[in-house]
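Me: I'd like to learn how to read a protein model feature by feature. Could you walk me through this one?
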Amino acid sequence: MSMLHLKELESLTLDRLVRAHRDVLSFAVASAAQIQTLPWKRQETGIRLKGVVQPAWPFLIRFKEIEIIRIMGWAEGGGSFITSQVKEVDYERGLVFTRSGSFYSAEWAENEPDISTVMAFAAFFWIQSPELAAYCDVPKAFSEYSLLAQIARSLSSFAIFMASKNGGKYRRRPQSGQRFQ
């Protein structure tokens, strides 16, 4: 696996993440025409959304002859987010139905994904497909990006736990579904 140099980082795009065996694997932002190959078939009303992805990019992942689309972006709470494989899309209304059976609202981005989104995607790909990522020389440094975020969340949870044992001297705003005394 080759190193990623600072100059490469400045111009890193989704397409440039795959640096070897590009005939086997490629990444791209799916076009509207490609997304519309997954037509909305749902008739039900009152769909319960699992989340809102904003901005949202439809990422096309090609592996040999297989093509899948996943939605990558930022969740309402501010963290990077990726869906499972997209099965149906109502592009005009921004509704997405995934392989896992979840519904999402997608606020489509009109620009190319920024470097933080590309880095987060590389981290997700390394977590889900480490052998293929290594074979195709996807930069691994980004898996540490994800690891650092996980460590930060763990330390925050540990601080809250310790504060509860320490007379509650550490206070944090409750998040939805949680109550802190």
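Predicted model: local features only at pLDDT ≥ 70, side-chain atom pairs only at ≥ 80, totals over all residues.

Me: What pattern does the chain follow when read along the sequence?
Reply: The order is α-β-α-β-β-β-β-β-β-α-α-α. In total the chain has five helices and seven strands.

Me: How do I read a nonpolar core, and which residues touch the most other members in the largest one?
Reply: Think of a core as buried nonpolar residues joined through their side-chain atoms. The largest one here has 23 residues, and Leu17, Leu25, Phe27, Phe121, Phe125 and Val138 touch the most other members. Strands S1, S2 and S3 and helices H3 and H4 each give two or more residues to this core. H3 provides the largest share, six residues. For a close-up, select Leu25: leaving out residues up to four places away in sequence, its contacts are Val18, Ile61, Arg62, Phe63, Phe125, Leu132 and Cys136. Another core, of 14 residues, lies apart from it, with Leu38, Leu60, Val89 and Tyr104 among its members.

Me: Why is strand S5 described as largely enclosed by the rest of the structure?
Reply: Burial is judged by relative accessible area, with under 20% counting as buried. Four of the five residues of S5 (residues 86-90) are buried, so this strand is largely enclosed by the rest of the structure.

Me: Which way does S5 run relative to S6, parallel or antiparallel?
Reply: Antiparallel: four bridges join S5 to S6 (residues 95-98). Glu88 is placed opposite Phe97 of S6. The two strands make a hairpin with four residues between them, and Gly94 in the turn has a positive phi of about 75°.

Me: How many salt bridges does the structure hold, and how should I read them?
Reply: Side chains of opposite charge can pair when their charged atoms come close. The structure has five salt bridges. In one of them, Arg93 pairs with Asp90, with the closest N and O atoms 2.6 Å apart. Here Asp90 is buried, at 16% relative accessible area, whereas Arg93 is exposed, at 54%.

Me: What about a salt bridge that links distant parts of the chain?
Reply: Look at Arg19 and Asp137, whose side chains meet at 3.4 Å, N to O. Arg19 sits in the loop between H1 and S1, Asp137 in the loop between H4 and H5, and the two are 118 residues apart. Arg19 is partly exposed, at 22% relative accessible area, while Asp137 is buried, at 10%.

Methods:
Residues numbered from 1 in each chain as written. Heavy atoms only, no water. Core = buried A, V, L, I, M, F, W, Y, C linked by side-chain atoms within 4.5 Å. Buried < 20%, exposed > 50% of the residue type's maximum accessible area, 1.4 Å probe, protein only. Contact = heavy atoms within 4.5 Å. Pairing = 2+ DSSP bridges. Salt bridge = Lys/Arg side-chain N within 4 Å of Asp/Glu carboxyl O.
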